[in-house]
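Q: I would like a close look at a single part of this chain, followed by its setting in the whole. Please keep the description plain.

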Amino acid sequence: MTTNNTETNTPKEVSANDRVVVFDTTLRDGEQSPGASMNLEEKLRIAEALEGMGVDIIEAGFAIASNGDFEAVNEVSKIIGESIVCSLARSGLADIERAAEALAPAKRKRIHTFISTSDLHMKYKLQMSPEDVLQAVIDSVTHARKYTDDVEWSAEDGTRTDHDYLCRTVEAAIKAGATTINIPDTVGYAMPNEHAAMFRMVMERVPNAHKAVFSTHCHNDLGLAVANSLAGVEAGARQIECTINGLGERAGNAALEEIIMAIRTRNDLAPYDTNIDTTNITKLSRMVSQVTGFAVQNNKAIVGANAFAHEAGIHQDGMLKHAGTYEIMTPESVGLKESSLVMGKHSGRHAFRKKLQEMGFELGDNALHDAFRRFKDLADKKKDVFDEDIVALVDDQIRGNDHIKFVSLNIVCGSNVVASADLVLDVDGEQVQNKATGDGPVDATFNALKALFPHTAVLQLYQVHAVTEGTDAQADVTVRLAEDGKTVNGAGADTDTLVASAKAYINALNKLMVKREKTAPQALSA
Ligand code: KIV
Ligand code: ZN
């Protein structure tokens, strides 16, 4: 064991064999998590950011699952140039054709087809015999190869599959043309030693194993997804499937940021190379959390609010003498910067534009004019304006292009009065107003909204975060609405928590309206 300290584990020279391919499935397996739905614009934003971070493969969706998924794969395919864009497909030929159609515009594309191979899944879920499943593996991979040379095959519930049968299916998939073989731990059941042994066993026993890249895909039901992924790589896998913040069904998938920082920080024991620029990690984490409304727990490794906070006196003392005493990674290495004071109410338009450009926002003249006006309003209300405030402000503006727009809100509330909200909205260019009461100001605001825009959607989540510190901080509110099995997340930011709440609810309603137009032909799960 080396006595490692901050940033000193210089990666040793890595051969092509030590290059680990990063396959991000935030937009597919991550989005399958109940309540984590994202709209097209959000998926495109995340896809661009994943590409910017250096992700090798972006799984953009499950093309046949819904029109929304098809559109997401298709639109991501149009804007992504460097990364490979991938769509999931079951073994049926229609699934594969739909995936190929969605991926048609992609510069570099991959079809990812899968079928269950464990006895349990074959018998109860598929109700197919092992011989029929084997034939489906061959047929699906052969069919996918007609559309692209880059075909991944996954043995769903692979870690609970009989070893002889797993080897037969893997050999058949490679023979049919699969270039990547993924053995998922679908139910998060594996232990690290066992997982490594399974990869070794398959690679040793399958005669054509050397013709494919092996891949890990671990779920986190026992909290072992990252450990299992790293164990798989140690055993010879060279692709890791993961999601930002570990987003995913149940306990989630292996977290990209944890795997990547483990490889980087312990490169002495994990001597692998990836293409990831780690300084993008914080940005991606915040983006995914904000879009899905899934808060990151404070003590979450790498991206939690406390991950780099050293409050205990003894730690602080050590840190002041030498950062390496308690810090094994620097905050800068994951793109975490001190909140920087941006500017005050006297800052000019030119400086504001420059600041936006530095933060990666390129706004047209009209949008810039609007953002600058909002910035001035904010600076009037809030003494210090930080980078995070500017991000919240621009995000809020991007969301503003909708059927229903917020105009104004006046609230009466207190310990001795019935709370009431007087709300004015702009619905398709026409101003409407309602005054409603409720059990507190938030309830009154939402009741006024329901009266102005009647709907049956159920409120599943209402969450408030402060964008920065201090009582004058902007509130960042998330609202989740569910209607007919569809869920949407809305967000809104303002120095007034109630205005932010109204904006978040309105944002969710606007998304719901878009979602209603795109009805899913079949709801599928992988
Ligand atoms: O967990 C799983 O088995 C999957 C497959 C579809 C790859 O997500
Ligand atoms: Zn999965």
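Which residues does histidine 121 touch, not counting residues up to four places away in sequence?

A: Histidine 121 touches Ser116, Leu126, Gln127, Glu156, Asp157 and Arg160, where residues up to four places away in sequence are not counted and contact means heavy atoms within 4.5 Å. This is a predicted model, in which local features need pLDDT of at least 70 and side-chain atom pairs count only at pLDDT 80 or more, while totals for chains, interfaces and linings use all residues. Residues are numbered from 1 along each chain as its sequence is written, chains are lettered from A and ligands numbered from 1 in the order in which they are written, and side-chain values use heavy atoms, with hydrogens and water left out.

Histidine 121 is part of helix α5; helices are DSSP runs of H or I with at least four residues, strands are E runs of at least two, and both are numbered from the N terminus. Its relative accessibility is 13%, so histidine 121 counts as buried. Buried means under 20% relative accessible area, exposed over 50%, and partly exposed in between, with a 1.4 Å probe and protein chains only. Arginine 160, one of the residues touched, is 39 residues from histidine 121 along the chain, and their C-alpha atoms are separated by 9.5 Å.

Another of these contacts, glutamine 127, sits in the loop between α5 (119-126) and α6 (130-145). Glutamine 127 is exposed, because its relative accessible area is 66%. Although not a glycine, glutamine 127 has a positive phi of about 50°. A positive phi, near 70°, is also found in isoleucine 302, a residue other than glycine. Isoleucine 302 lies in the loop between α11 and α12 (313-321) and is buried, with a relative accessible area of 10%.

Next, the nonpolar interior. A nonpolar core is a set of buried Ala, Val, Leu, Ile, Met, Phe, Trp, Tyr and Cys residues joined through side-chain atoms within 4.5 Å. The largest one has 89 residues, of which Ile46, Met53, Trp153, Val170, Ile181 and Phe214 touch the most other members. Helix α7 (residues 163-176) gives this core its largest share, 8 residues. A second, separate core of 30 residues includes Leu423, Ala475, Ala500 and Leu509. In soluble globular proteins, nonpolar side chains tend to be buried together. Within the largest core, Ile181 has contacts that include Trp153, Val170 and Phe214, again leaving out residues up to four places away in sequence.

As for the whole, the protein chain has 17 helices and 16 strands. Of its 526 residues, 54% count as buried. A compact globule with 526 residues would have a radius of gyration near 24 Å, and the 25 Å of the protein chain agrees with this; the radius is taken over C-alpha atoms, and the globule rule is 2.2 Å times the number of residues to the power 0.38. Along its principal axes the C-alpha trace spans about 75 × 60 × 45 Å. Among contacts with a separation of 6 or more, 67% join residues 24 or more positions apart.
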